[in-house]
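Here is a quick tour for anyone meeting this structure for the first time. Take a look at it, then read on.

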Amino acid sequence: MFLLIAYLAIFFALSNGSSDNSPDHTDNLTDLNPPTNIRIVDTQLGELKFAWDSNLPKEIMTQFKVKYIFAAKYFDADQWEDEIRLSHPEFVYSFELHRGVSVRIKNVPTKGAKFKESNWTVMEIPPSGDPETIASNFSCVVYNHTFMNCTWRPGKKDPNGTHYKLYYKQEYADIKCTHYYTDLDGRQGCHVGENAIDVEVRVLLCVNGSNNSSSIKPYYTEFDPQEIEIFNPPFNVEVSPNLTVTWEKPSGYEINNDCFEYQLQLTELDKNNIEIFHVTKNTKFFLINANALKRFSVKVRTKLKGCKESKYWSDWSNEACFEPKRTFNGRIFVLVLIIVLVLAGLLLRIIFRRYKIIMFRPVPDPQKKFKELFEEHNGDFQKWLGCQIPISKYEDCCTVVIEESIRCEV
């Protein structure tokens, strides 16, 4: 009661004073009391529920509409995170507790300027366990809206016989991993089975180890599943004759196409030259720089970008190949035909000259062989031989044998 009377006395004194003539009228205001008794009332993995006392009378809280400002900072960070304005003296916030956390809260009046905001009240939450035993190289990947794999390596000073367990939380469900494995690189892992993860709800996760000889430092993290998701590759990739590439977004997703980014790889098959193109908010792309007279292939992959952004690309789709069509060119045809005809003519001329000598040999001229017969006897064969052969008047012909060694006498 005494505290309330003191606040009211200050209020009336300030309202009747001449604060307008002061260079800074806030110098005359009284600080509100800072909050007290900050405490953690509930812990679920890395999610903490805080509560505190305002340390102010109810009348002051009501009259000046006092609110609270909450802020947090990790031990390894230089800056406080964004301040959060609250109406009630309780708040739920998630942390990576292995980094160590500081939280601070103050009272702030929002109606009237009779009081200044209070000083901060700070609470520190140190990490537990040996930092050399915490799981390292932790990573998770969500596959195709269906399942999730998380892997990690044991801590540097992990004692023999340490067993790690993974727990995760989505909304009000706390789930313990039941399927553990070790991959080919020696990393330990947890497989969260099909349809056991909701990609639209943030995940709080903890990897905690247990060992009888020492305390293992737990690892905490929080993430959006869609930011670490690998989608199925696009399908039905086609290249039309006008060099337009079309495809379909991965099937089975109720996600607006504007949320996807696509990457096209164009490969010139003859020279193995590769070009990369990026496409957003569309499932077709015109290959402006492609040469329609060359052979090339196209494949596509995708990831989220725009609505949210994923770290990982999908696998490449099947390749779609483009083969140029061989069209008829009249000029080239005429030129080739002329060349062929000229070559054929030359070949035929050579062949004709060669066989003309054999097939069309000239008939010998008897005037050159028998000059005396034609020059002296005017072609009279009997005179040239020097005898006359009687020609029978009988109709019947007789066979006459002429021997060159016998000369006939008249």
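## The big picture

Keep in mind that this is a predicted model. The secondary structure comes to 6 helices and 25 strands. Of the chain's 410 residues, 34% count as buried.

Contacts can also reach along the sequence. Take those between residues at least 6 apart in sequence: 60% of them join residues at least 24 apart.

## Around Tyr253

Let's zoom in on Tyr253, which sits in the loop between strand E20 (244–248) and strand E21 (260–268). Is Tyr253 buried or exposed? With a relative accessible area of 8%, Tyr253 falls under the 20% cut-off, so Tyr253 is buried.

Setting aside neighbours within four places in sequence, Tyr253 is in contact with Asn144, His145, Glu229, Phe231 and Asn232. Asn144 is 109 residues from Tyr253 in sequence, yet their C-alpha atoms are 8.8 Å apart in space.

## Rings and their partners

There are 15 aromatic pairs in the count. One of them brings back Phe231: the ring centres of Phe231 and Phe260 are 5.4 Å apart and the planes stand at 75°, so this pair is edge-to-face. Phe231 belongs to the loop between strand E18 (229–230) and strand E19 (235–239), while Phe260 belongs to strand E21, so the pair ties together parts 29 residues apart in sequence. Phe231 is buried, at 2% relative accessible area, and Phe260 is buried too, at 0%.

Elsewhere, ring pairs link Phe50, Phe70, Phe91, Tyr93 and Phe95 into a cluster.

## A nonpolar patch on the surface

Now for the outside. Phe333, Val334, Leu335, Leu337, Ile338, Ile339, Leu341, Val342, Leu343 and Leu346 form a nonpolar patch on the surface. Together they have about 950 Å² of accessible area.

One of these patch residues, Leu346, is found in helix H3 (residues 330–359).

Key
Residues numbered from 1 in each chain as written. Predicted model: local features only at pLDDT ≥ 70, side-chain atom pairs only at ≥ 80, totals over all residues. Heavy atoms only, no water. Helix = DSSP H or I, 4+ residues; strand = E, 2+ residues; numbered from the N terminus. Buried < 20%, exposed > 50% of the residue type's maximum accessible area, 1.4 Å probe, protein only. Contact = heavy atoms within 4.5 Å. Phe/Tyr/Trp six-rings, centres within 6.5 Å; stacked < 30°, edge-to-face > 60°. Patch = residues over 30% accessible without salt bridge, like charges linked within 9 Å, V, L, I, M, F, W, Y side chains within 5 Å. Areas by Shrake-Rupley, 256 points an atom, 1.4 Å probe, with all protein chains shown as cover. Salt bridge = Lys/Arg side-chain N within 4 Å of Asp/Glu carboxyl O.
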